[in-house]
Amino acid sequence: MIRWWISALQLAELFVSSLAHFAFGIYIFSTAVAGDLSQVLSDWFWIFKPNLDVGLKGDDSKRARSVDDLPPIVLVHGIFGFGKGRLGGLSYFAGAETKDDRVLVPDLGSLTSIYDRARELFYYLKGGQVDYGEEHSKACGHSQFGRTYEKGNYPEWDENHPIHFVGHSAGAQVVRVLQQMLADKAFKGCENTSENWVLSITSLSGAFNGTTRTYLDGMLPEDGRSLTPISLLQLCRVGVIIYDWFDIPWLKAYYNFGFDHFNMSRKKVGICGLVNGLLRNNGPFASGDWILPDITITGSIRLNSSIRTFPHTYYFSYATKCTRKIMGTTVPSGILGIHPLLFIRILQMSQWRHPPDVAPPYKGYRDEDWWDNDGALNTISMTHPRFPVEHPSCYVVEDSECQPMQPGIWYYKIVEGDHVLFILNRDRAGVQFDLIYDSIFELCRKHAFRTPTLPNQVNH
């Protein structure tokens with residue numbers, strides 16, 4: 001009888017969680033559509049207004065020259081995210097890109113693997129046709145080549161023209177994998193790459209060490225890639241396959257999960273392809289070449305085992321937390337300041353217990369280390385790379401205590417906030433939004449730079 005009650009509660013939780021996520025997705029989509037309609041009306045209105053830009057061309061050209069001298073800051077979105085050009089005029093980073101004169105916001109696969117997204121990011125910047133690599137493509141069952149960028153967004157990118165990267169959530173891990181690929185000279189036809197093409201990496205709620213959320217949503221801890229039969233991730237998998245199979249051009253132009261290189265469209269595979277995809281006979285969910293296996297604890301340990309922290313790159317991290325301890329028990333830090341979508345998730349993660357019949361993901365694992373969280377990621381995961389080997393780090397309370405900052409060290413702060421506080425909706429974060437992003441861009445522009453003679457020193 002007790003098992004029946006537990007099953008009923010689990011199904012009820014799945015129904016509520018699925019409904020909440022679907023409603024949130026519809027809200028984001030409708031917000032984007034409303035914003036686009038508003039922009040069309042505004043543009044139509046201004047057609048009948050006199051041109052106010054006459055005489056300003058000289059100033060614009062001077063500004064363009066000065067902007068070209070700045071190394072770009074590249075904002076890399078996280079899971080279910082999107083870049084410039086998707087969802088109309090909606091900004092994943094809630095308009096933070098307007099805070100600096102030279103910011104790029106690439107659109108990468110929202111559910112594709114860390115590896116695939118890192119490859120896409122390289123070609124977005126450098127130009128050319130995305131090459132996922134012959135060996136990887138064959139192993140994962142997708143096309144070797146993807147989207148073509150006729151002209152890269154920063155084709156001059158090299159060691160003398162390095163880039164600042166800012167990654168939110170899984171986007172931070174994407175940048176780390178890309179830097180390792182650069183160090184390994186992993187891009188065919190561009191063998192002169194090095195880790196020094198990356199000037200700095202800033203993480204905002206970065207998914208460095210995985211999250212227990214993946215297990216709560218349906219990923220099995222036994223292998224970190226299989227799904228439980230009835231779970232939120234199973235519903236997500238089915239929905240994505242159907243979305244990509246219908247392949248409605250205008251809809252996919254508006255939002256794309258990024259699996260085009262798996263050729264799941266009805267135009268190519270027909271009804272048999274849909275059935276095979278749903279049965280996990282092929283596609284990203286069969287091969288494990290999608291984002292969720294990469295952000296399990298075991299998946300992140302696998303990735304981290306081959307990623308270094310490099311001595312001439314600056315590393316900054318902002319970890320978020322929405323929990324506190326009351327009489328030794330970890331609970332959500334409040335109700336009003338937490339997004340409704342995340343409150344129950346924060347509570348679930350704060351009570352996480354690793355299955356006793358499954359081997360722990362690493363030696364010395366303790367459940368309580370993973371209880372502090374922001375509703376999507378555990379705070380221990382966001383500070384800096386820790387597993388399987390802990391990378392050099394420095395906990396920052398006051399900036400003045402860490403001056404001058406040195407490359408090769410992860411400087412991290414812990415910020416009170418949930419996982420979506422600093423994206424999508426600028427008004428939610430209020431003044432804190434400006435404080436965070438002003439700090440991030442200041443670090444990029446003032447602290448993180450490289451000189452040929454004194455690479456380990458910072459000038460002021």
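Predicted model: local features only at pLDDT ≥ 70, side-chain atom pairs only at ≥ 80, totals over all residues.

Setting aside residues up to four places away in sequence, K126 touches G152, Y154, P155, E156, W157, C190 and W197. With G152, which lies 26 residues away along the chain, the C-alpha separation is 4.6 Å, while the side chain of K126 reaches the backbone oxygen of W157 at 2.6 Å.

D247, by contrast, counts as buried because its relative accessibility is 15%, and its place is in the loop between helix 7 and helix 8, the latter formed by residues 249-254. Apart from neighbours within four places in sequence, D247 is in contact with K252, S265, R266 and K267. Of these, S265 is 18 residues away in sequence, with 5.5 Å between the two C-alpha atoms, and the side chains of D247 and S265 make a polar contact of 2.8 Å.

T330 belongs to strand 9, residues 329-332, and it counts as buried because its relative accessibility is 1%. Its contacts, leaving out neighbours within four places in sequence, are T323, R324, K325, S350, Q351, W371 and D372; with K325 there is a polar contact between side chains at 3.4 Å.

| Residue | Partner | Distance |
|---|---|---|
| D247 side chain | S265 side chain | 2.8 Å |
| T330 side chain | K325 side chain | 3.4 Å |

The remaining topic is helix packing, and two packed helices are described by the angle between their axes and the distance between the axes. Helix 7 (residues 232-246) packs with helix 9 (residues 266-278) at an angle of about 165°, and their axes are 9 Å apart. Because an angle over 145 degrees counts as roughly antiparallel, helix 7 is placed in that class relative to helix 9. The crossing of the two helices is left-handed. On the side of helix 7 the contact is made by R237, V238, I241, I242, W245 and F246, and on the side of helix 9 by R266, V269, G270, I271, L274, G277 and L278. By residue class, this contact comprises nine nonpolar, two polar and two charged residues. R266, one of the residues that helix 9 brings to this contact, is also among the contacts of D247.

Methods
Residues numbered from 1 in each chain as written. Heavy atoms only, no water. Axes fitted to C-alpha atoms, helices over the stretch in contact; angles between N-to-C directions. Helix = DSSP H or I, 4+ residues; strand = E, 2+ residues; numbered from the N terminus. Parallel < 35°, antiparallel > 145°, perpendicular 65-115°, else oblique. Left-handed = near helix turned anticlockwise from the far one by under 90°. Contact = heavy atoms within 4.5 Å. Nonpolar A, V, L, I, M, F, W, Y, C, P; charged D, E, K, R; others polar. Polar contact = N/O pair within 3.5 Å; in protein donor to acceptor, adjacent residues only side chain to side chain. Buried < 20%, exposed > 50% of the residue type's maximum accessible area, 1.4 Å probe, protein only.
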